Amino acid sequence: MADRVHPRDSPFHTETTPLSLSRSSPPESEKPVPPPGTYVIQIPKDQVYRVPPPENASRYQSYTRRKSRRNSCHCCCCWFLGLLAAIVFLSAVAAGVFYLVVRPESPNYSVESIAFKGFNLTTTSSPPSAISPEIHVTVRAHNPNKKIGIYYERESSVKLFYSDIKLCDGVLPAFYQPSKNVTEFRTALTGSGIKLTSAVQKGLVDAQKQGKVPLELDLRAPVRIKVGPIKTWTITVKVACQLTVDKLTADANIVSRDCDYGVDLW
């Protein structure tokens with residue numbers, strides 16, 4: 001009887017190792033490859049170069065030109081404002097020094113006397129007749145300044161009103177008034193063919209009976225101020241006097257007077 005042969009003992013038998021279906025893991029030094037898709041990449045700002053696309057290049061150049069023009073205009077405005085502030089500051093300093101050195105004071109004006117001719121208002125005719133008055137006025141000008149002289153120039157005017165009706169007018173003489181000086185000058189005012197209404201004529205008659213005739217004297221004089229060897233430009237002195245006289249005759253007396261003084265610098 002033949003011997004039983006076991007398969008393991010067969011010379012042709014070789015031991016096989018079962019195959020594994022799992023993939024081998026990659027080495028730890030290699031990073032896994034991500035599947036394809038969309039990714040967000042963050043880049044530091046200092047490494048980003050801002051270059052406009054070709055279609056926006058002209059727009060970018062125009063914007064940069066406008067910005068440079070705005071910057072230049074801003075600089076010009078700053079220079080102008082600084083220069084203006086410097087001029088204003090220096091002018092204020094000069095005015096302060098001038099005031100401290102010269103100590104200017106306003107001149108004083110007043111009406112000293114007044115005489116009337118040509119007012120025939122004893123009767124009230126109907127219609128009232130025209131009048132041609134002549135009035136002589138004495139004006140007192142006082143210059144209290146120690147270092148300032150005043151040149152009174154031509155083209156002045158003096159007007160006398162009653163109830164907003166101009167009765168007569170005239171001019172002042174041209175003269176120079178030195179410092180610390182009082183000058184009285186007499187000027188003649190004339191009117192021609194002044195027509196008064198019945199109400200105005202009656203008002204003048206009644207005012208004379210009461211001894212209070214209200215009048216207004218308006219004086220305008222172009223002057224130039226002299227400080228040492230320097231003369232200023234021409235300025236206009238304005239004097240408005242409210243007068244009350246007792247009558248409209250040659251021996252009239254001034255009952256009250258109130259004069260206001262002003263200056264037009266230009």
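Modeller: Helix 2 packs its buried residues against strand 4 (157-162), strand 5 (165-170) and strand 8 (213-227); contact means heavy atoms within 4.5 Å. Helices (H or I, at least four residues) and strands (E, at least two) are DSSP runs, numbered from the N terminus. This is a predicted model, where local features need pLDDT of at least 70, side-chain atom pairs count only at pLDDT 80 or more, and totals for chains, interfaces and linings use all residues. Residues are numbered from 1 along each chain as its sequence is written, and side-chain values use heavy atoms, with hydrogens and water left out.

Colleague: What makes the buried residues of helix 2 line one face?

Modeller: V200, Q201, L204, V205 and A207 are buried (under 20% relative accessible area; exposed is over 50%, partly exposed in between, with a 1.4 Å probe and protein chains only). Down the axis of helix 2 they fall within an arc of 165°, so they line one face; the arc is taken from the directions from the helix axis to the C-beta atoms. A199, K209 and Q210, on the other side, are exposed.

Colleague: Why is the pair of Y151 and Y176 called tilted?

Modeller: Rings of Phe, Tyr and Trp (its six-membered ring) pair with centres within 6.5 Å; planes under 30 degrees apart are stacked, over 60 edge-to-face, the rest tilted. The centres of Y151 and Y176 are 4.3 Å apart and the planes at 40°, so this pair is tilted.

Colleague: Why is Y151 called partly exposed?

Modeller: The relative accessible area of Y151 is 23%, so Y151 counts as partly exposed.
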